[in-house]
Every structure is written in C-alpha cells, then in structure tokens.
Amino acid sequence: MKNPVMPASGTFGAGREYSEFIDLNCLGALVVKTVTLRPRDGNAPPRLYEVSSGMLNSIGLQNEGIDHFIEHDLPYLRQFDVPIIINIAGNTLEEYAQLCREIKGVEGISGIELNISCPNIKAGGIAFGASSRLAEQVTAAARYNTDLPLIVKLTPNVYNVSKIAQAVVYGGANAVSLINTLVGMSIDTNTFKPHLGNITGGLSGPAIKPVAVRMVWEVAQTVKVPIIGIGGINSTLDAIEFLLAGATAVAIGTANFVNPRVMIEIIDGIESFLRQRNMSDIRQIIGKVKV
Amino acid sequence: MFQVNADVIAKEEVIPGVFSLTIVSPVISENAKPGQFVHIACNQGGNFILRRPFSIHRIVPGKAFEILFRVVGRGTEALSRVKVYDILDVIGPLGNGFKYSERITSALLVAGGLGLAPLLYLAEELTNEQVKFYPMLGAQTKTKLLRYIDFKRIGKKTYVATDDGSSGHNGTVADLLNRTIHYIRPEIIYACGPEPMLRKVAQTADEFGVKCQVSLETKMACGVGVCLGCACVTRQGYKMVCKDGPVFDARDIIWDKEEIEPTLLGGYRCETAKVSDPG
Ligand SMILES: Cc1cc2nc3c(=O)[nH]c(=O)nc-3n(C[C@H](O)[C@H](O)[C@H](O)COP(=O)(O)OP(=O)(O)OC[C@H]3O[C@@H](n4cnc5c(N)ncnc54)[C@H](O)[C@@H]3O)c2cc1C
Ligand SMILES: Cc1cc2nc3c(=O)[nH]c(=O)nc-3n(C[C@H](O)[C@H](O)[C@H](O)COP(=O)(O)O)c2cc1C
C-alpha cells in the first residue's frame, strides 16, 4: 500500500464515478461496495435521511451480484495500480464460502473484506457479526476457501466488540476493519412515520466518530492483527486520531459524499502531519495514544 | 461532472424566502443541459454535512449559471445567507436532463411552484431550437408567481393557475392541464414540481396519449450515483434520481406504493431478511 487511506465499502461504488474527481492511483487501496452471490434490489425508499452530524441509510446492499462484478467492474478496476479489496456478504455460511470460491483465481483482487453485519438465516436471523461463535465460523468458512488476505469488518452493534475481534482472528482473519454503521432511527413529527422506508437504518458520519475511536482502541488492546479504522473520518486530524488509537490504516465513508477529494487531502495531510513533527514513519504514531 | 470552487456574482431575494444566486463556472455552464442539477456544499462548519441539490435555472453561456431556491430547512437557510463574492463548493452538472430535439412540433412546460427552476432553462433551449412551446405555471397566489415575464417573452402562450384564483385559472396547475390539454394538444409535456402534482400531470398525459417527462426530487447524499440512496421506483426496478434521472419518462414511474409490492419488494432479486447494518 502506498499510503494508509482507502474508501469504506459502499461509499465509493466500484470507483467509476469518483474517478472523474480524483486519481484512483493515489489511493492506498480501493474497497468496493458489498457484493452478494445474487443481485439484490435493495430496500424500499426513502433510503436516506440526514441527522445532526451524520446520516442514516438503509440502502439494503443493492448490488448486481458477483458475476456482474467480475464481468463488468473488475476489468475497469484492473487498469489502476491500486490493491482492490472486494467486500462480500451472504445470508448463510455457505454463501460466504461460495463467494470466496467464485473469487478464487480471478485476476485483480488483492484482498477480501467480509461484511458480517448480515443476518444468518439458519441461525434465526441473528447477525453473523453479533455473536463470537457465528463470527468465528463465518471467518473460518471464508478462510478455508481463499488464500487472499482476509479482512473482517466488525459491526458496532454489539456489547463487546473486542470479543468478536478475537473470535474472527481465531477464525483466520488477517486484519479487522471497524466500524460499520450504528443502527438508528428517526421519525417525522408531522406524519408520525419513520423517515426511512426500512424504519431503521445505519448511522454514519462525524456523529459516530467517538464511538468508532473507542472501539478501535479497545480492539487494538486485544488483537495483534492490523486494524482499519472507520467511522466519521472527515479530515486529516480525524484520521490521525484513529491511528493514535491503534489503527494501521483508515477508511473514509460518508465524507466522500461531502467532498470527493477528501481522501487525497487526508493522504497529503497525514504526510505533512508527520513531516511537521520530524517523523519519518507512520508507525511512530500508530497506537501511540497516551493513556 | 466537475467539482469547482465558484464565485457567487449575483444574489437576489426574488420574493420573500425565495433566492436566486448566479455562480461563476465556465466548465459547468459549458457542459450543462436543461434538467441537470448542481450539488452544493451549503454549510461551512454547521452540524449538517451533506450537499444540497438544485436545478440549473439559467445559463450565462460559457461563464456562469443561476439557481433559484426556496428556503425550507437548514441547508437552504445557510445558502440564503451567502453573499456576493463568497465562494461555493459546487459539483456539477449532474444527472440526465430533459430529452428534446428540434423536431418536436409543440411542447407544454408544466411547472408547480419552484418546479419552474429547470423549466426556464429548458424554455430558453427550446427557443434556440425554434421549438414552439407553451409554459403553464402554477403558484399559490399571484405574488408567488415567478419568472412569468421571462416565460411570456419566449413562450407561445403562457397559462397560469393560482390556488386562490388571484391570477389565471382558479385551482392547481394539474387541474388546469386537465382542462386544457385537449385543445393545446402538445406533442410532449415537460413537468417539474411537487410529487402529487407530477403524479396528476402524468395521469393526464397518459389519458390523452401525450408523451411526458417529469423531473423528480428525493433526498440525496452523493449526487453522483455512488451511494444508491436516492432510489425511486420504476417499471424497470429501482433507479437513482441523481444518476438515472432526475428526469424520467412519466410512464416508467410507479407512483403508488401498493403497486410496488408485487413487482419489487419480495421479488426474486430481493432478499427480504433485514440487515443490521443495512449499507
Ligand atoms: C434534482 C433536484 C433539483 C432540485 N432543484 C431545486 C431548485 O431548483 N430549487 C429549490 O428550491 N429546490 C430544489 N430542490 C430541492 C432542494 O434540494 C431541497 O429543498 C433542499 O435540499 C432542502 O434542504 P434543507 O436543508 O434546506 O431542508 P431539509 O432540512 O432537508 O428539510 C427541511 C424541511 O423541508 C422539507 N423539504 C425538503 N425538501 C423539500 C422540497 N424539495 N420541497 C419542499 N419541502 C422540502 C423537508 O421535508 C423538511 O420538512 C431540488 C431537489 C432535487 C433532488
Ligand atoms: C450510503 C452508505 C452505504 C454503505 N454501504 C456499505 C456496504 O455496502 N458494505 C459495508 O460493509 N459497509 C457499508 N457502509 C458502511 C461504511 O462502509 C462505513 O463503515 C460507515 O459508513 C462508517 O464510516 P463513515 O462514518 O466514514 O461513513 C455504507 C455506508 C453508507 C453511508
């Protein structure tokens, strides 16, 4: 990786749109929107609502499915000199396993990120990421079916995120990324109806940053694998906070919508932050919070 | 699409609560088409973050563009406080505009309230293409009837409807359309305004077999087709207002929730189980 900055899944599509604003070759990595085995239409609108310092979304993992991704998006992405990380999700262990098999040997994918926020249909709908046992199982299922570096993306909607982190490392994760969105809800006081068609949605943006920094810090105390910090990063100093808390890299989500150039600004910003302090290596700040 | 830091060179409070801003951007003005929009960062340090979409209202060729907006919430409120010579962060031009050609024999432009914003730009382009068109403007009351003179100057005949009857037809613009379409007999209708109005316009157009394009509004986050947040329901499935629209063929839009269920929700492509982080 040229630098520790990448987009967060679902906020950068497969790169096409934002390539008109920035040079994708400058990114540390490119994480694509979640891909599922079969196409998904997504949730009924309205799908988003802005709240104080953040937004709620209930897109519903709309995507065209793995075959379409490999045929249409990957050839486009291959032309860039950037590690491509595919984010995948399934409703059963078998679906995750099959997705990993479909990716096997496909040229141009440098890593897999597991979105384990989906409900496990066979386990009564509880999210894979909400139980250490399921989280470990799903990681192991993926691990068994791929040799690529495996990142597991953790959901913050749990009581003890470190326990889940530990479980996915046992399951064979090479890295963890966190956090996904926090489940939230907002109600229209004129109509008495929820603002989202799906009733609840995922909160992202500056509002969730303190929660995310706390969780990264906790996980950094527990596991040894690299951590990708995500949640409300808007500026260089936001990114630095995550690095201090113990993240080795950061992913930027909602901020891309606000300013398509934000990742480039943060990449440059981290460099000058280090230079100003006469530091030559980013490792001089990773995990260096003084507590 | 471009992201520019652009100077505001003119500002006017057209009527109380409705403002126009003229913003300098050669690239946006050169590449724009009627019906496209710009996505503007309205807050500088406030507690909301997302940009706000506004139709391109007029073009100063090769130089600048104008937007016309009503203050309805914090984004538009912040934008109304912008001063001449302030700099705005603008992305545009975005979306697919109205489809038209010089071969159209006659067009009817139906505007509800601020829906006239993109239609004035369209009217000017139709004038350049020498297409005959009729503006039909709806407002609550006479004093809220905007850009009447501008439309009248270039339109064949301008129709007006006000909710209180203070000018033109006493009633809604959709109602006026219903009463007049049989003798105006346009080849095509271009409509923009609140959804209930668009729905009625689409219905009337359909009844009389007239082609109709509508410009839709939804909440947007990215504005460029990435986040998949501004979905609307069409006969071809979910479409994104920002990228596939905001202008759609009215016949493709599914207006009624009841109609959605069998075609989409629970359809074979939609896995119904709820996702905890529903990105
Ligand atoms: C493609 C497109 C083009 C647009 N062009 C224009 C334009 O040319 N001129 C213009 O004035 N507006 C236009 N809009 C609407 C404009 O984007 C919204 O009014 C604006 O985003 C509201 O932001 P806010 O922060 O002020 O209000 P919010 O805080 O988001 O909302 C405040 C209140 O206003 C209501 N509200 C939100 N949007 C609208 C709306 N469109 N009409 C009525 N009430 C609303 C909300 O329900 C809420 O109650 C357009 C929208 C789209 C999608
Ligand atoms: C509109 C939207 C769509 C998202 N889609 C996905 C997705 O498909 N897969 C995923 O793992 N995370 C998805 N996320 C979550 C983000 O990747 C990220 O974890 C979260 O938004 C927190 O980061 P942020 O505050 O910087 O946005 C989505 C977030 C948003 C706002």
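Predicted model: local features only at pLDDT ≥ 70, side-chain atom pairs only at ≥ 80, totals over all residues.

User: How many residues surround ligand 2?

Analyst: A residue is near a molecule if one of its heavy atoms lies within 4 Å of it. The closest to ligand 2 are Ser9(A), Thr34(A), Lys153(A), Gly232(A) and Thr254(A). The number of residues that surround ligand 2 is 25.

User: Why is the site of ligand 2 shared between chains?

Analyst: A site is shared when residues of both chains surround the ligand, and the site of ligand 2 is shared because its surrounding residues come from chains A and B.
The chains asked for are A and B.

User: Which side chain has an N or O atom 2.7 Å from an oxygen atom of ligand 2?

Analyst: A polar contact is a pair of N or O atoms within 3.5 Å. For an oxygen atom of ligand 2, the distance to a side-chain N or O atom of Lys33(A) is 2.9 Å, and a backbone N or O atom of Ile179(A) also lies at 2.9 Å. The side chain at 2.7 Å is that of Lys153(A).

User: What share of the area of ligand 2 does the protein bury?

Analyst: Accessible areas come from the Shrake-Rupley method with a 1.4 Å probe. Taken alone, ligand 2 exposes 610 Å². The protein buries 100% of that.

User: Which residue has a polar side-chain atom 2.4 Å from an oxygen atom of ligand 1?

Analyst: A polar backbone atom of Leu68(B) is 2.8 Å from a nitrogen atom of ligand 1. A polar backbone atom of Gly75(B) is 2.6 Å from an oxygen atom of ligand 1. The side-chain atom at 2.4 Å belongs to Thr76(B).

User: What share of the area of ligand 1 does the protein bury?

Analyst: Ligand 1 taken alone exposes 900 Å². Of that area, the protein buries 70%.

User: Which element gives the most to the shell around ligand 1?

Analyst: Strands (E, at least two residues) and helices (H or I, at least four) are DSSP runs, numbered from the N terminus. In chain B, β4 (52–55), β6 (64–70) and α2 (74–80) give two or more residues to this shell. The one that gives the most, with 4 residues, is β4(B).

How values were computed:
Residues numbered from 1 in each chain as written. Chains lettered and ligands numbered in written order. Heavy atoms only, no water. Polar contact = N/O pair within 3.5 Å; in protein donor to acceptor, adjacent residues only side chain to side chain.
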